[in-house]
Amino acid sequence: MRRQLVAGNWKMNGTRASVAELIRSLREQALPASVEIVVLPGALHIGQVVESLSGTQLSVGAQDCASEAGFGALTGEESVEQLQDAGCEWVLVGHSERRLILGESDEVVRRKFAAAKACGLKPILCVGETLEQREAGQTLEVVGRQLESVVSALGISALADAVVAYEPVWAIGSGLTATPQQAQEVHAAIRAQLARESAEVAEGVRILYGGSVKAANAAELFGMADIDGGLIGGASLKADEFGAICRAAGN
């Protein structure tokens, strides 16, 4: 059975003071041991968060990484080796905000995914469609292409220790949420696409849902057969709300 995973993406939020308060509140939450929980702070706060969460069940990841591994002349970037050295176990790749606002292509996302895997960081590969693409009936085509970009270049085995996060772009931060049935349809299609390459990998890979997940809708979403947890945005900045979402995953 796949273990539920909840990851909190703090995005471009936080000061040292507010991060300290959020961590203090998170440490007071009753969190289910059956759920794997990850927080993804901004790069400036990774060290603070790793140190402050030491001895807890929470793991720490980064929101992005350089597309090149190792060390060298790439001003402003953090390599997977640097992130791992800072205490990260996870890294997001291909978040829609980076694809759409910062222009990251499928190729750049694939290179970041490959760099993370080569270093031993666990990548969370984000895929998802815009509202225009959904209305045009292109959801499965778009998501399938984003997934295939990684699988065709790196092989299905690259997904064995990775996580996929389906985030409909139109539901991120909008207050809109895909219905559990809409989300399940896409999650099932992702798993079926992987199964055409390897039934074993498809059965084992965890597929998260992201897009305005809240305590109020988490249980119904996580109850779907192919939804293995959530990638949480704004709600992860509120310890009580995030804790409730984690408990919903545990149920």
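Gly173 lies in the loop between β6 (163-166) and α8 (180-195); helices (H or I, at least four residues) and strands (E, at least two) are DSSP runs, numbered from the N terminus. The structure is a predicted model, in which local features need pLDDT of at least 70 and side-chain atom pairs count only at pLDDT 80 or more, while totals for chains, interfaces and linings use all residues. Residues are numbered from 1 along each chain as its sequence is written, and side-chain values use heavy atoms, with hydrogens and water left out.

An unreviewed UniProt entry places the feature "binding site" at Asn9, Trp10, Lys11, Gly173, Ser212, Gly233 and Gly234. These residues span 226 residues in sequence, yet no two of their C-alpha atoms are more than 13.8 Å apart, so they gather at one spot. Two of the set, Asn9 and Lys11, belong to the lining of the largest pocket. UniProt positions follow the numbering used here, feature names are shortened, and annotations may be inferred rather than shown by experiment. Another member, Gly234, is situated in the loop between β8 (229-232) and α11 (239-250).

The pockets can now be considered. On a 1 Å grid over the protein atoms alone, a pocket is an open set of points where a 1.4 Å probe fits, with protein on both sides within 12 Å along at least five of seven lines; lining residues have an atom within 4 Å of a point. Grid points are joined across faces, edges and corners, and a volume is the space filled by probe spheres set on the points. The largest pocket holds about 630 Å³ of space. Its lining has 25 residues, and Lys11, Met12, Gln63, Asp64 and Arg98 are the closest to its centre. By class, this lining comprises eleven nonpolar, eight polar and six charged residues; Ala, Val, Leu, Ile, Met, Phe, Trp, Tyr, Cys and Pro count as nonpolar, Asp, Glu, Lys and Arg as charged, and the others, Gly among them, as polar. The second largest pocket has a volume of about 240 Å³. Of its 19 lining residues, Gly173, Ser212, Gly233, Gly234 and Ala235 lie nearest its centre.

Asp64 is located in the loop between β3 (58-62) and α3 (80-85). Its relative accessible area is 16%, and Asp64 is therefore buried.

Which residues does UniProt list for "active site"? The unreviewed entry gives His95 and Glu167. Although spread over 73 residues of sequence, they cluster in space, with a largest C-alpha distance of 8.4 Å. Of these residues, His95 is included in the lining of the largest pocket. His95 occupies the loop between β4 (90-93) and α4 (96-100), and it is buried, with a relative accessible area of 4%.

Helix α7 (residues 139-154) has 16 residues. At 1.5 Å a residue it should span 22 Å, and its end C-alpha atoms are 23 Å apart, which agrees; the expected span is 1.5 Å times one less than the number of residues. At Glu148, α7 bends by about 30°, the bend being the angle between axes fitted to the seven residues ending there and the seven starting there.

How values were computed:
Buried means under 20% relative accessible area, exposed over 50%, partly exposed in between (1.4 Å probe, protein chains only).
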